[in-house]
Amino acid sequence: MPYCEVGRYADGDKWEGVRLFYRRYGRGATKVLLIIGLAGTHDSWGPQIKGLTGSLEPADDEAVRPDEEAGVCAAGAAEAAPAEADEAGGGGDGIEVCCFDNRGVGRSSVLPNKSFYSTAIMAMDALALMDHLGWKKAHVFGHSMGAMIACKLAAMAPHRLCSLALLNVTGGGFQCFPKVDGQMLSLAFRFLRAKTPEERALVDLETHYTKEYLEETVGSCTRRMVLYQEYVKGISSTGMQSNCGFEGQVNACWIHKMTTKELDTIRSAGFLVSVIHGRYDIIAQLCHAKRLAERLLPVARMVELHGAHLVSHERPDEVNNALMDLIKATKSAMKPEEWSAQPENTSETGALISARPITVTMRTDEGANAAVAVYNLLGKLQLSFLYLIGVIVMGFEHMRNIVRVMKPVRVAAIESS
């Protein structure tokens, strides 16, 4: 099995035996690193692997050709890929994709202390994997927490990126909290109580996809039934994520933050950025992605799709087209202003909107300022309320476990003869 050994020091403590499980697909001079999100494993990138390389057959054991060792992005050195190659997912000179399990999930190492999990630490993991593969540069695409990691990677080592794609991304911290409503509170409660692959699968489906998509008919049943079976099978094969791994990854999301200096580094690095988001995402709110795209102008393009958190599965063709557009724009050395100022392009189903983020200018009179202050306060109270609910639910579960352990055992009386 392909593993990358990661041995580093942090605060004087050595991370012993940290291994990252990875898979490679396709062959070519164009390198793409895919970074998955919270609780996800490498195979969650299936639709993108198929779309970019044309195959889901791992190429880990195949010999690497000498012309592929450098892993160059060939910016400005090649023309856009022919249509025939695009259909095959090859991108002209071919695309090699690598995806992996982040620390704390799947077949990668699980560290016991949540201090060993942060987006910066996991960005160093990704860099170590690129070094292990011999890749000097790559197109880096991340989803959700993986997009946070990709942002950190881009700020830490901008010279290693050909381009950056951020799918369903937020800025971390309070931005990780979804909008509070009855549905979300119910999902949060059920998620915390899920103990089996079947229970977890039911919650995951409702958080990852739109109801409209789940109710679509596929053959003789609904897509919900098909996906439920796939989810149960996937979770059962890899096992439920350990508490240590889950808490560590949640901690990484919570403490994630991109400073102005880091965003300036990305904006001035010379590569293009695509921010791709499902407009009905209840986990990562669209407004946060739009704000990030706006802060990365002029190198960023905002791509809004008709889908939810797993828009990469719900709208794979549109997502893959957006990723291929980014790769082609890099190869043709498109100027940032041209990239971010593309005209609106809406499909018949309203699936894709690609346009410059819109800046909303508010009045500066006292009444408007007061309204903005109240709005911001309500937003913070809402997030605090959700956090409080989560603490109460976890505390309730903890007390139930204590009572269950301390509850006296009934012993039947034995009558003497």
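Tutor: Let's start with a definition: helices are DSSP runs of H or I with at least four residues, strands are DSSP runs of E with at least two, and both are numbered from the N terminus. This is a predicted model, in which local features need pLDDT of at least 70 and side-chain atom pairs count only at pLDDT 80 or more, while totals for chains, interfaces and linings use all residues. Residues are numbered from 1 along each chain as its sequence is written, and side-chain values use heavy atoms, leaving out hydrogens and water.

Student: Where do Arg267 and Asp264 lie?

Tutor: Both are in helix H10, three residues apart, which is about one turn of the helix.

Student: What makes Arg267 and Asp264 a salt bridge?

Tutor: A salt bridge needs a side-chain nitrogen of Lys or Arg within 4 Å of a carboxyl oxygen of Asp or Glu. The closest N and O atoms of Arg267 and Asp264 are 2.0 Å apart, so the pair qualifies.

Student: Which salt bridge does Lys31 form?

Tutor: Lys31 pairs with Glu96, with 2.7 Å between the closest N and O atoms. Lys31 sits in strand S5 (residues 30-35) and Glu96 in strand S6 (residues 95-100), so the bridge ties together parts that are 65 residues apart in sequence. The structure holds 12 salt bridges.

Student: What makes the pair of Lys152 and Glu262 a link between distant parts of the chain?

Tutor: Their side chains meet in a salt bridge at 3.0 Å, N to O. Lys152 is in helix H4 and Glu262 in helix H10 (residues 260-267), 110 residues apart. Lys152 counts as buried because its relative accessibility is 11%.

Student: Why is Val32 called buried?

Tutor: Val32 has 0% relative accessibility, so it falls in the buried class. Val32 lies in strand S5, and contact here means heavy atoms within 4.5 Å. Leaving aside neighbours within four places in sequence, its contacts include Leu52, Ile95, Trp135 and Ile327. His139 is another contact; the C-alpha atoms of Val32 and His139 are 4.7 Å apart, although 107 residues separate them along the chain.

Student: What makes a group of residues a nonpolar core?

Tutor: The members must be buried Ala, Val, Leu, Ile, Met, Phe, Trp, Tyr or Cys residues, joined through side-chain atoms within 4.5 Å. The largest one has 53 residues, and Leu33, Ile35 and Leu164 are among those with the most contacts inside it. Helix H4 (residues 145-156) gives the most to this core, with nine residues. A second, separate core of 26 residues includes Leu34, Ile95, Phe141 and Ala329.

Student: Where is Thr210 found, and which residues does Thr210 touch?

Tutor: Thr210 is in the loop between helix H6 (197-208) and helix H7 (211-214). Its relative accessible area is 11%, so Thr210 is buried. Not counting residues up to four places away in sequence, Thr210 touches Tyr280, Gly307, Ala308 and Glu314.

Note on methods
Buried means under 20% relative accessible area, exposed over 50%, partly exposed in between (1.4 Å probe, protein chains only).
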